[in-house]
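Colleague: I would like to go through this model with you, term by term. Could you tell me what stands behind each label?

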Amino acid sequence: MTPPAWPVALLSRIEDASLNASAPPQQRWVDGWLLRLSPGKAQRARSINAVADGHLPLAERLALCHAEFQVAGLPTLVRLTPFSKPAGLDDFLAGLGYTRHDDSLVMACDSLPVTADAFPSDLVLEHTTSEAYAHIMGEFRGSPLSERQAHRQRLENSPVPYQGNILRHASNEVVACAQLTIESGMVGLYDVFTAPAWRGRGLSRKLCGALLNHAQAQGAWLGYLQVDALNAPARAVYLKLGFRNAYGYHYRRHP
C-alpha cells in the first residue's frame, strides 16, 4: 500500500526548520529572497533561497543577487524547492542558461524509534563541540581550512543549536559521525558520515537510530533529513529507519 502523502503544511514546516538549521552569519534579504553567502562547502549555506514573490522585476532581482555573490567571490546558486517563488522560476533560470545539478531529497519519518540498537563493545558514542565536529568532518571530506572554519562558524552561530555526535573506536579512531538539531518537535539529522573503512557494518543506521531515539525521549515526534537523490546506499539506510520521501529540491548555477 502506498503511504499517504505528507500534508503540504507539514512539508512547509520542515523546509522552514531546515532553513533555520542551515543559517550562516553571512546572509541578507533581497526583495523577498534570502541570500546566503557562506564560503563553506554546504550549498544550502551559499545559495539563493527564493522564499517570497517580491516586487521587483524578476530579471532585476536576479541581477542584484548575482552582484552580491560576485562581491563575495562565490558562484551564484539558486536552490529550487516546491515552495520557491515566483512560480515558473525554474524555467526562467533554465532559459537564462542556469545549469541544473545536485538533485536532492528531503525524507521524513513520523515514527521515531523508542529504543536504540546497541553499538559494538569497542565503539563509544560521544558528544562533541562545534569546533571539533567541523574539524572531524573536514578531515573526512578532505576540506581546506577555509571550509572547515566556515562550517565551524555556521554551527556556532546557528539560531537552532546543533549537537555533534561521534562514534569512537577503542583505538581512538573516529569511525562515524552525525549531528542533530531539534526545533518545534522536529529533529533534523545532518552531516551523517561513516569512514570508508567502516562502511557496510550498519553503523550509520545504529547511530541515526540512537540520535532519533534520543530526540524522541526529548519530545520530538518527526524526523527529517536531506540526502543526494543518487545516493542509493544512504537512502536505503534511511528507509530502514522508517523515513520516506517528502519532497525534492535542486540547484541551478549561473552560467
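Modeller: Happy to; what follows is a set of questions on labels and the values behind them.

Modeller: This is a predicted model, so local features need pLDDT of at least 70 and side-chain atom pairs count only at pLDDT 80 or more, while totals for chains, interfaces and linings use all residues. Residues are numbered from 1 along each chain as its sequence is written, and side-chain values use heavy atoms, with hydrogens and water left out.

Colleague: What makes a stretch count as a helix or a strand here?

Modeller: Both are DSSP runs numbered from the N terminus, with at least four residues (H or I) for a helix and at least two (E) for a strand. By that rule the chain has seven helices and eleven strands.

Colleague: How do you know whether the radius of gyration agrees with that of a compact globule?

Modeller: The radius is taken over C-alpha atoms, and the globule rule is 2.2 Å times the number of residues to the power 0.38. For 255 residues the rule gives a value near 18 Å, and the chain has 19 Å, so the two agree. The C-alpha atoms fill a box of roughly 60 × 45 × 30 Å along the principal axes.

Colleague: Why is Thr-181 called buried?

Modeller: Buried means under 20% relative accessible area, exposed means over 50%, and partly exposed is in between (1.4 Å probe, protein chains only). Thr-181 has 2%, and therefore it is buried. This residue lies in strand E8, residues 174–183. Across the chain, buried residues make up 49% of the 255.

Colleague: What makes the pair of Thr-181 and Pro-161 a polar contact?

Modeller: A polar contact is a pair of N or O atoms within 3.5 Å; within protein, one must be able to donate a hydrogen and the other to accept it, and residues adjacent in sequence count only if both atoms are side-chain atoms. Here the backbone oxygen of Pro-161 lies 3.0 Å from a polar atom of the Thr-181 side chain. Thr-181 also touches other residues (contact means heavy atoms within 4.5 Å), among them Ala-21, Met-186 and Tyr-224.

Colleague: Ser-84 next: is this residue buried or exposed?

Modeller: Its relative accessible area is 14%, so Ser-84 is buried. Ser-84 sits in the loop between E4 and H3, where a polar atom of its side chain lies 2.8 Å from the backbone nitrogen of Thr-81. Leaving out residues up to four places away in sequence, Ser-84 touches Ala-50 and Arg-79.

Colleague: How do you know which peptide bond is cis?

Modeller: The bond joining Lys-85 and Pro-86 is cis, with omega about 5 degrees. Pro-86 is in the loop between strand E4 (77–80) and helix H3 (89–95).

Colleague: What makes Asn-172 and Asp-191 worth a look?

Modeller: Neither is a glycine, yet phi is positive in both: about 85 degrees for Asn-172 and about 50 degrees for Asp-191. Asn-172 lies in the loop between strand E7 (163–169) and E8, and with a relative accessible area of 53% this residue is exposed. Asp-191 belongs to strand E9, residues 186–194, and at 13% it is buried.

Colleague: And why is Pro-233 called exposed?

Modeller: Its relative accessible area is 60%, so Pro-233 is exposed. Pro-233 lies in helix H7, residues 232–240. From Gly-200, Pro-233 is 33 residues away in sequence and 9.5 Å away in space, C-alpha to C-alpha.
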